[in-house]
Amino acid sequence: MLKQFLSKLPRKTQKPDPDESCRVDSSRSDDSPRAAGRNNRTPGAGASAAAKKTSSSAVFPASTVSLIEPLVPFKDVPSSEKMNLFVSKLSLCCVTFDFTDPGKNTVEKEVKRRTLVELVDFVSSCGSSRFGEPAILAVCRMCAINLFRVFPPNYRSNRGGENDDDEPAFDPAWPHLQLVYELLLKFIISNCLDAKVAKKYIDHSFILRLLELFDSEDPRERDCLKTILHRVYGKFMVHRPYIRKSINNLFYRFVFETERHNGIAELLEIFGSIISGFALPLKEEHKIFLWRVLIPLHKPKSMGVYFQQLSYCVTQFIEKEPKLASIVIRGMLKYWPITNSQKEVMFLGELEEILETINMVEFQRVMVPLFWRIGCCINSLHFQVAERALFLWNNDHIVNLIAHNRQVILPIIFPALEKNSQSHWSQAVHNLTHNVRKMFMEMDEKLFLACHAQFKEEEAMLNTVAEKRKEAWKQLEYAASLQPVIGNTPVLVSPI
């Protein structure tokens, strides 16, 4: 197999054919896994072997092109030939293998691994020489063939729902994928790469296919992609609007269509650093992103997977423009998880972070619906939800906001506190409720007693209504008992 692998490689130094370069560049779709697999086959691999690959963790294309003998070390060639050798070694690495069988093509896999290590070292120490268009094209082509692949349908079929806590799936091809990702990262951050030249090859199509890889189940791959995309965003300013738009489209599809994607946390982490660099005042485009993307991301059941990153993005927006706090709180109240206690605890945690930075004007805009919802949480039979809601009174800034608006807030929250103190099953919730009641008592005793009297009056009225209803049912039952029942005569009920 190794002889067949090497026999395909010409040993003469050749210059790259400009027509071929233009041809590859003008038809970027040929770099796709399907086209690469159609146009270039791995040496020695037949149709049956190609069919066999469908069982691997990801569908890889196979191709090989070479300019000079690729196994020669860089130190053994003159400086004028190193870039040609670089292109040749990249072409050798376009050969892909099936990693589902560890004992298959072990020698060839090791040759490719050593070549990738050489390439990473070369890019890291390229010195002052610039990467020309043939080298940039070769890197992009090699990365496309090795990385851009279609995940089989069953790759995502078990994601979401009850299987969210399953162990992640690790790609068996990672020994080579890791080196390709490292090479791409070193190449992008290299001072030898001119962004004005490279943008023709690292284009919208290349970026879009990088984004598609974020759905990989392998967390190691997603972590590499996160770093690379962040570097691309930093180096290629011309692509920044397109990157933001493409990520937004992924979020829209996730929230409103599938609710299944493995890379939402990593994409939000990238956006967190992007938001921190937004200039003030914020553009309308960025505010729309907050309202149409970040707030609806609170809706999916799997929010716990990316909650930390989502909360950070929202907080960044509010720190940059405090008046957005009331908009965010209204959005959270809209998507409040009434039947999901774990999400409710997370919402209350994020709410506390927002209230720590909110100003008085924005707080007064949302305090009525906000504390109505907090009152419902205080009465929750799930002790963690009730405790988390009562913990808000441990925050000095929130207590200060409540104290300045106690005339409005205490009448809303008082019935929930009284019901807890009378009938909640958790002793910890009882103790926290007692502390909050004591705090309000010390804050404004007169208002507290007035709310208590109003609560007792309303409770008495409710008891009276309940007694009347009970008495009415008794009278109906008594009247019904006086009516004779004749045989099997059915009882006719007239419609209201």
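Let's start with contacts along the chain: among those between residues at least 6 apart in sequence, 75% join residues at least 24 apart. Keep in mind, everyone, that this is a predicted model. The secondary structure comes to 23 helices and zero strands, and of the 496 residues in the protein, 47% are buried.

Now, a pair of helices. Two packed helices are described by the angle between their axes and the distance between the axes. Here I picked H21, residues 406–423, and H23, residues 445–482, which pack at an angle of about 55° with their axes 10 Å apart. These two helices are therefore oblique to each other, and H21 passes H23 in a right-handed crossing. Who makes the contact? On the H21 side you'll find Arg406, Gln407, Leu410, Pro411, Phe414, Pro415, Glu418 and Gln422. H23 brings Leu447, Phe448, Cys451, His452, Phe455, Lys456 and Glu459. Sorted by class, this contact of H21 with H23 has eight nonpolar, three polar and four charged residues.

On to the aromatic rings. How many aromatic pairs does a search of the whole structure find? The count is 19. Let me show you two of them. Phe254 and Tyr306 are edge-to-face, at 5.9 Å centre to centre and with 75° between the planes. Phe254 sits in helix H12, residues 240–258, and Tyr306 in helix H15, residues 303–320, so this pair links distant parts of the chain, 52 residues apart. Phe254 is buried, with a relative accessible area of 2%, and Tyr306 is buried too, at 1%.

The other pair is Phe271 with Phe289, and this one is stacked: 4.3 Å centre to centre, with 15° between the planes. Phe271 lies in helix H13, residues 264–276, and Phe289 in helix H14, residues 284–294, so the pair ties together parts that are 18 residues apart in sequence. Both Phe271 and Phe289 are buried. If you like phenylalanines, there is also one aromatic cluster formed by Phe74, Phe86, Phe122, Phe131 and Phe187.

Staying with H13 for a moment, have a look at Glu266, which has its place in that helix. Is Glu266 buried or exposed? At 13% relative accessibility, Glu266 counts as buried. Leaving aside neighbours within four places in sequence, Glu266 is in contact with Phe214, Arg222 and Lys226.

Finally, a tour of the loops. Between H13 and H14 is the loop that holds Pro281, and a cis peptide bond joins Leu280 and Pro281, with omega at about -5°.

Asn105, in the loop between helix H5 (79–92) and H6, is not a glycine, yet has a positive phi of about 55°. Asn105 is buried, with a relative accessible area of 17%. Glu259, in the loop between H12 and H13, also has a positive phi, near 55°, and is a residue other than glycine. Glu259, though, counts as partly exposed at 30% relative accessibility.

My last stop is Gly132, in the loop between helix H6 (106–124) and helix H7 (133–147). Gly132 is partly exposed, with a relative accessible area of 29%. Which distance separates the C-alpha atoms of Gly132 and Cys192? They are 9.3 Å from one another, with the two residues 60 apart along the chain.

Terms used. Residues are numbered from 1 along each chain as its sequence is written. This is a predicted model: local features need pLDDT of at least 70, side-chain atom pairs count only at pLDDT 80 or more; totals for chains, interfaces and linings use all residues. Side-chain values use heavy atoms; hydrogens and water are left out. Axes are lines fitted to C-alpha atoms, for helices over the stretch in contact, and angles run from 0 to 180 degrees between N-to-C directions. Helices (H or I, at least four residues) and strands (E, at least two) are DSSP runs, numbered from the N terminus. Angles under 35 degrees count as roughly parallel, over 145 as roughly antiparallel, 65 to 115 as roughly perpendicular and the rest as oblique. A crossing is left-handed if the near helix is turned anticlockwise from the far one by less than a right angle, and right-handed if clockwise. Contact means heavy atoms within 4.5 Å. Ala, Val, Leu, Ile, Met, Phe, Trp, Tyr, Cys and Pro count as nonpolar, Asp, Glu, Lys and Arg as charged, and the others, Gly among them, as polar. Rings of Phe, Tyr and Trp (its six-membered ring) pair if their centres lie within 6.5 Å; planes under 30 degrees apart count as stacked, over 60 as edge-to-face and the rest as tilted. Buried means under 20% relative accessible area, exposed over 50%, partly exposed in between (1.4 Å probe, protein chains only).
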